[in-house]
Amino acid sequence: MRPPQDPDRWARLTAVAGEALAAARAGEDAVAVDLVTGYLSGSPEGNEEIRELVLLLFAECSSMVGALGSGGATPVKMQVFDEEGREVQIDDADPPVRTAIRALLAEVHGDQDAASEQIEIALANGQPQELATVVLQALRWTLKLAIECETRDLPVAPWITASLDDQP
């Protein structure tokens, strides 16, 4: 995802995303989701900014998946687990998790329009808890991929690195 033309808006989105990543890394999932959905929904362009922020996270995930998959390294595998930690088929995952997976896969395959459509569906039709699930998935995947990229000395967006550096 390219930065919006407004540098102040880009700074605001990456600041909120960074705070949410730090909260998620600290295990404060509710705080992380509230930072994204609560803070941005109170702005004049609420849903648009939530959509942009989630797409930003998926775009960064896509870049990191590409970095991890290049050079003959171990391929990146997408898995979905239920509440008990058992792997489930993607088609059997809860609807908001399937939405998040579809958005990420679209982004990985370079189809930003399809990724955006998936997030629009979550914003337009989803209940608040469903949107929270999509946001949390995006945050968790971003964290896991960023940590793996840092472990392998692969590039991570500076704003993500900064949010991780603030944590133990």
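A nonpolar core is a set of buried Ala, Val, Leu, Ile, Met, Phe, Trp, Tyr and Cys residues joined through side-chain atoms within 4.5 Å. Here, buried means under 20% relative accessible area, exposed means over 50%, and anything in between is partly exposed (1.4 Å probe, protein chains only). This is a predicted model, in which local features need pLDDT of at least 70 and side-chain atom pairs count only at pLDDT 80 or more, while totals for chains, interfaces and linings use all residues. Residues are numbered from 1 along each chain as its sequence is written, and side-chain values use heavy atoms, with hydrogens and water left out.

Start with the overall layout. The protein has 7 helices and 2 strands; these are DSSP runs numbered from the N terminus, with helices (H or I) of at least four residues and strands (E) of at least two. Read from the N terminus, the order is α-α-α-β-β-α-α-α-α. Of the 168 residues, 44% are buried. A contact means heavy atoms within 4.5 Å, and among contacts with a separation of 6 or more, 65% are between residues 24 or more positions apart. The accessible surface is about 9,000 Å², and carbon and sulfur atoms account for 49% of that; such areas come from the Shrake-Rupley method with a 1.4 Å probe, and for residues only the protein chains shown count as cover.

Now for the inside. In soluble globular proteins, nonpolar side chains tend to be buried together. The largest nonpolar core has 50 residues, and those touching the most other members are Val 54, Leu 57, Phe 58, Ile 119, Leu 139, Trp 159 and Ile 160. At least two core residues come from each of helix 1 (7-25), helix 2 (29-41), helix 3, helix 4, helix 5 (112-125), helix 6 and helix 7. Helix 6 gives the most, with 12 residues. Leaving out residues up to four places away in sequence, Leu 139 touches Ala 17, Ala 20, Leu 21, Ala 24, Ala 32 and Leu 57.

Phe 58 turns up again in the ring pairings. Rings of Phe, Tyr and Trp (its six-membered ring) pair if their centres lie within 6.5 Å, with planes under 30 degrees apart called stacked, over 60 edge-to-face and the rest tilted. The structure holds 1 aromatic pair. That pair is Phe 58 with Trp 141, a tilted one with 6.2 Å from centre to centre and 45° between the planes. Phe 58 sits in helix 3 (residues 46-69) and Trp 141 in helix 6 (residues 128-151), 83 residues apart, so the pair links distant parts of the chain. Both Phe 58 and Trp 141 are buried.

What about the cysteines? A disulfide is a pair of cysteine sulfur atoms within 2.5 Å, and by that rule the count is 0. The sulfur of Cys 61 has its closest cysteine sulfur in Cys 149, 9.6 Å away, which is too far for a bond. Cys 61 is buried at 0% relative accessibility, and Cys 149 is also buried, with a relative accessible area of 0%.

Helix 7 (residues 158-165) has Trp 159, Ile 160, Ser 163 and Leu 164 as its buried residues. Seen down the helix axis, these fall within an arc of 140°, so they line one face of helix 7; the arc is that of the directions from the axis to the C-beta atoms. Pro 158 and Asp 165, on the other side, are exposed.
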